[in-house]
Amino acid sequence: MSNEKGLEDNKELVRRCVQEVWNGGREEVIGELIHPNFRRHHPRNSDFDTYGQDGCTAWVNRVRSALPDLHLAVAHLFAEGDRVVLHLLGTGTQQGPLYGVSASGTALRFTVTGVVRIAEGKIAEGWAIPDELGIRQQLGLVAPLG
């Protein structure tokens, strides 16, 4: 397999995860896409890292419970070596607890930047950094800047 094909395969794996798991809520494909030793690195506190396929499933369910109509659009996707970098544009209506706020019906727009490491044809590690400030502002937890 050429390096170019390997990079395209890695990008397609990440695209598929966004579409099927995050947008579609298809838990049944997590075993196909996510490495058994998966680790999601929490952006600020390693005590809240997520481990394994079950941990990934729980993370997805937590987010999708808060935003059941979640939609992530891939704006940018780059691959080099075993890493894929992605920039997502997200929307969703808050229908469950999020950042300590009960369901509000607020329509949210946000971005997520992520880095994913691929191993053995599956997503083995992930670093996801959502625009938490923007989300908190939209939920009324933080005053708008400026």
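This is a predicted model: local features need pLDDT of at least 70, side-chain atom pairs count only at pLDDT 80 or more; totals for chains, interfaces and linings use all residues.

A: Start with the rings. The count comes to one aromatic pair. Trp22 and Trp59 form it, edge-to-face.

The charged end of Arg40 sits over the Trp59 ring, 4.5 Å from its centre.

Now the helix that carries Trp59. Helix α3 has 15 residues. From first C-alpha to last, α3 reaches 22 Å, close to the 21 Å expected at 1.5 Å a residue. Its buried residues are Gly52, Gly55, Cys56, Thr57, Trp59, Val60, Arg64 and Ala66. What covers them? The cover includes α1, α2 (30-33), β1 (34-41), β2 (50-51), β4 (83-93) and β6 (122-130).

Next, the helix that carries Trp22. Helix α1 has 21 residues, so at 1.5 Å a residue it should span 30 Å. The end C-alpha atoms of α1 are 29 Å apart, which agrees. The buried residues of α1 are Gly6, Leu7, Asn10, Lys11, Leu13, Val14, Cys17, Val18, Glu20, Val21, Trp22 and Asn23. After α1 comes Gly25, with a positive phi near 65°. Helix α1 lies across β1, β3, β4, β5 (107-119) and β6. It runs at about 160° to β3.

That brings in the sheet. Six strands make an open sheet with mixed pairing, in the order β2-β1-β6-β5-β4-β3. The edge strands are β2 and β3 (71-80), and each pairs on one side only.

Strands β1 and β2 pair in the antiparallel sense, over two bridges. Here Tyr51 of β2 is the bridge partner of Arg39.

Strands β3 and β4 run antiparallel and are joined by nine bridges. Glu80 has Arg83, in β4, as its bridge partner. The hairpin of β3 and β4 has two residues between the strands. In this hairpin Gly81 takes a positive phi near 60°. Further in, eleven bridges join β4 to β5, and these strands run antiparallel. Leu89 stands opposite Thr111 in β5.

Asp82 is found in the loop between β3 and β4. Is Asp82 buried, exposed or partly exposed? Its relative accessible area is 33%, so Asp82 is partly exposed. Leaving out residues up to four places away in sequence, Asp82 touches Asn10, Val116, Arg117 and Ile118. Asn10 is also listed among the buried residues of α1. Asp82 and Glu27 are 55 residues apart along the chain, and their C-alpha atoms are separated by 24 Å.

Terms used
Residues are numbered from 1 along each chain as its sequence is written. Side-chain values use heavy atoms; hydrogens and water are left out. Rings of Phe, Tyr and Trp (its six-membered ring) pair if their centres lie within 6.5 Å; planes under 30 degrees apart count as stacked, over 60 as edge-to-face and the rest as tilted. A charge sits over a ring if NZ of Lys or CZ of Arg is within 6 Å of the ring centre and within 35 degrees of the ring normal. Helices (H or I, at least four residues) and strands (E, at least two) are DSSP runs, numbered from the N terminus. The expected span of a helix is 1.5 Å times one less than its number of residues. Buried means under 20% relative accessible area, exposed over 50%, partly exposed in between (1.4 Å probe, protein chains only). Contact means heavy atoms within 4.5 Å. Two strands pair if DSSP finds at least two bridges between them. Axes are lines fitted to C-alpha atoms, for helices over the stretch in contact, and angles run from 0 to 180 degrees between N-to-C directions.
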